[in-house]
Amino acid sequence: MAVILIAIAALTGGMFISGHTTPRLGIDLAGGTSFTLEAKNQPGKPNAINTDNMNTAVGIIERRVNGLGVTESEVQTQGDKHIIVNIPKGTNAKQARQQVGTTAQLYFRPVTTTTSGQKTPDQPSSTPSPSASASGKGQDKGDDKGGKPSGTPSASSSASSSSSASPSTQGRALSKGLRADEKPSGSPSPSKTPKPDPSKSPSGSSGQEELAKQFAKLDCTTKSGRAAAAEKAANAKPTDPVLACSEKGDSKFVLGPSEVEGTDVDDASAVFESQNGAGWIVQLDFNGKGSKKFAKTTGELTTKQSPQNRFAIVLDGEVVSDPEVTQGAITGGRATISGGFTQQSSEDLANVLSYGALPLSFDIADETTVSAALGGEQLDAGMIAGAIGLALVVIYLVVYYRGLALVAMASLGVSAVLTYTIMVLLGPGIGFALNLPAVCGAIVAIGITADSFIVYFERIRDEIREGRSLRPAVERGWPRARRTILVSDFVSFLAAAVLYIVTVGKVQGFAFTLGLTTLLDVAVVFLFTKPLMTILARRPFFGNGHSWSGLDPKRLGATPPLRRRRSAAPGPADTKEA
Amino acid sequence: MSRLGTLGARLYRGEVGYDFVGKRKIWYGISILITITAIVGLAVRGLNMGIEFSGGAVFTTPNTKVSSADVRQTAEEAADGHTVVVQELGRGGMRIQISELGTKEALPVQEELAKELGVETSKIDTQLVGPSWGEQIASKAWQGLAIFMVLVVIYLAIAFEWRMALAALIALIHDLTITVGVYALVGFEVTPGTVIGLLTILGYSLYDTVVVFDGLKEASKDITKQTRFTYSEIANRSLNSTLVRSINTTVVALLPVGALLFIGGGLLGAGMLNDISLALFVGLAAGAYSSIFIATPLVADLKERDPRMKSLAKRVKAKRAAAAKAEAADSASEEDDTPALEDAAAAPAGVVGQRRQPSRNRGRGRPSGKRR
């Protein structure tokens, strides 16, 4: 008993010292947004979903979310293929969703065919497509320097985008750059459109004929069509050719296998390109491997005819940009993506690219946004339900057990205080957050805890019915009651533990509370209820079986206190049932 | 209380009691009937799976003056082609469910709704669920259920014996079937909350069963050393003496759940609290029933097949026949064989307490007049 009181004092003290006096509330009680991301199996990478990759993904998502300026966000794995992202209220859920959900799977794929976005490739699209340019930095260091004096910025070697109003840099001698669409912004038809023919006759292989058919059907002008295409492209193996739409839906592509991947990107940053009017662009720096691959690819592409001298920058299945490679291999390891970015979108993309592509692609399996008002309401409802439940239990116990109910109430109180303080301390400790299922679990646990007292009380009463006085009854009843309590609590705990380990999401929170309260139940019964009973048994009120003590032998219908009545009446002298 | 207390005492001493084990066939019959009804209900009506399992969106709006019909129209237009269910909540808000709405398509709908209601988008609570999420929860739950069942059977087989483990498992499956059947028949919506509730029944249903079994184990400890009662009789006696406890634990467990159900259903209209407590309520009731009427009689049935118990039953029968012949039937003849037992501490537990059983069960046996 002293142990439990010390424990309470320590926990309460700890609670105040740690400065947290209320449990951390989950999103559904405090308000906020919660995403559950589910890792998808990717073709060609059967074992991609593993602990390492999941942890990497968590790290990346965390940085991305924090990059939004969110404080107190929470990113953690759950089970083997889920990641939970909790963002407190007051954050822009929409933006968060985009950042969180974006895989940032970036591929550089050579363009096989391209036409405008409609089903029938006759009508050229009128919107200018975004485009990108890449520049050779390393090898062209001198070129860059040479470029600067000529009035072009450091991006001198990079081509301007289609939206650029500036004159084309096409002819730049110093830069072995690759050109993006060099059309002036006024141009109604991007350069991709005039080449519908190759789409009908893709280069050779029979598998590509099928692709060509699908390609003809592909409609990039509708949102749903684009989404479907993007999803398909994103899920395709990097080594397979894919169909893809441009981000704005004005053109569609047949793309070859990926040549360079997003993981080859070392760093990305958003830059405002004022000199040639490109506006916000994203600059990419490749790592060593990426630079080599990129050089090789651009080297091959440059020898081909348009449009096959282009490559597409594919982000999550959508073509962000499709620059042309006109002047040989780019060996420097730097590329830029430009076209139609706002500050926000370029920063987002750079953020996503530099914090890395997720090693896995994820679906948003569940997204819950709870306003603070509803959260508070649910918390209140939970509290009211808990209070009513507790009151009902107490009333029942008082009616049935009278004086003993005081013991039960004290024990329930101790249990409640322990549960509360532990939950509070677990908040900063292991990131435990009280959510609605957990509240529910705690309320249900009132029953479990009270059940243990009932088992013990009934046991004591049985002993009294056999004619024992209270003090021996309390002691003799205990070992049996203890065993029953241990066995049944073990079963409860087993259920909670299995659920906690196996399940995901809300079920887990519930299982945690249930497991915790079951353990506390054992602790309270052993260290508090039992000693309390021993002490109270010495009091005349209980010891003499006052009619309000709940232990009145007469009311319990005890047999006359004859210790050994073997022959007189076959009294249940040593009856022991648990 | 006094009456209850005395009843408890009389149950404890076996003065009154219900012959659960003897009448087990009736209860088996009832249970089989309920189970079949549940299974048929499940097969015919199926479960009304919530949005979490089919995928879709749930929007919860704050208190609003716009009529639900208008809201439905807005939602239907915005969601174009998806089924919309609008439900008014107790506190004045609305719950709008749109099934099979993709996570990406949901955003414009939310914006439309916000416009219609004249509130900020952030005031509308959303829950968007991908179609696979509910399945995830469910399949994980099944997995957990299977693992738990295996573990608990192993544990009970060690702590008690395999027959009890088997009986407990059957009782557990029985409870789950009934609960699922009620859901199928009544058509309550199945949500992750329901799954949570269902899984909690696991621990609870077994809690009761374990309490009863523990008593039974105690009572039947030295059963082969006596010849007065068969296992079934002892089981029945033990069941009756723990009846008060079983009822109390069940009532106490049901009270908070009932409070949750009342508050969850009455105050919030719908949601997690309601779902969990509803499943729990049904399951707990079924659990209490099964631990008394199904689990223990099953153990008795299984036990009676044990050769040792068979021979015990034979001996008991022979002894009773002999006792019946000895009309005089003074108490001595019966008490003779017990002293040794009573000395063996915990031994005769249910045995000596079993007074009334024979006359109730078989209509013969010792005259009970001498008792009291």
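Trainee: Quick one to start: where is the place of Gly427(A)?
Mentor: Gly427(A) is in helix α12, residues 403-430 of chain A. Helices here are DSSP runs of H or I with at least four residues, strands are E runs of at least two, and both are numbered from the N terminus. Keep in mind that this is a predicted model, where local features need pLDDT of at least 70, side-chain atom pairs count only at pLDDT 80 or more, and totals for chains, interfaces and linings use all residues. Residues are numbered from 1 along each chain as its sequence is written, while chains are lettered from A and ligands numbered from 1 in the order in which they are written.

Trainee: How many residues along the chain separate Gly427(A) and Leu25(A)?
Mentor: They are 402 residues apart along the chain, yet their C-alpha atoms are separated by 8.6 Å.

Trainee: Ok, what about chain A as a whole, how many helices and strands?
Mentor: Chain A has 16 helices and 14 strands. Of its 578 residues, 56% are buried. Taking contacts in chain A with a separation of 6 or more, 75% are between residues 24 or more positions apart. Two residues are in contact if their C-beta atoms, placed from the backbone, lie within 7 Å.

Trainee: Where does UniProt place the "transmembrane region" feature in chain B?
Mentor: The unreviewed UniProt entry puts it at residues 26-44, 141-158, 165-188, 194-216, 247-270 and 276-300 of chain B. UniProt positions use the numbering here, feature names are shortened, and annotations may be inferred rather than shown by experiment.

Trainee: How far apart are the end C-alpha atoms of residues 194-216 of chain B?
Mentor: They lie 33 Å apart, and that span is 100% helix. For residues 276-300 of chain B the ends are 34 Å apart, again with 100% helix and 0% strand.

Trainee: Now helix packing: at what angle do α14(A) and α8(B) pack?
Mentor: Helix α14 (residues 470-502) of chain A and helix α8 (residues 192-219) of chain B pack at about 160 degrees, with axes 9 Å apart. Axes are lines fitted to C-alpha atoms, for helices over the stretch in contact, and angles run from 0 to 180 degrees between N-to-C directions.

Trainee: So what are they to each other, roughly parallel or antiparallel?
Mentor: α14(A) and α8(B) are roughly antiparallel. Angles under 35 degrees count as roughly parallel, over 145 as roughly antiparallel, 65 to 115 as roughly perpendicular and the rest as oblique.

Trainee: Which residues meet there?
Mentor: Among them are Val487(A) and Val491(A) in α14(A), and Leu206(B) and Tyr207(B) in α8(B). By class, the residues of the contact of α14(A) with α8(B) are 11 nonpolar, 4 polar and 2 charged. Ala, Val, Leu, Ile, Met, Phe, Trp, Tyr, Cys and Pro count as nonpolar, Asp, Glu, Lys and Arg as charged, and the others, Gly among them, as polar.

Trainee: Last one: where is Tyr231(B)?
Mentor: Tyr231(B) is in helix α9, residues 231-241 of chain B. Tyr231(B) is buried, with 27 other C-beta atoms within 10 Å.

Methods:
Buried ≥ 20, exposed ≤ 12 C-beta atoms within 10 Å, placed from the backbone.
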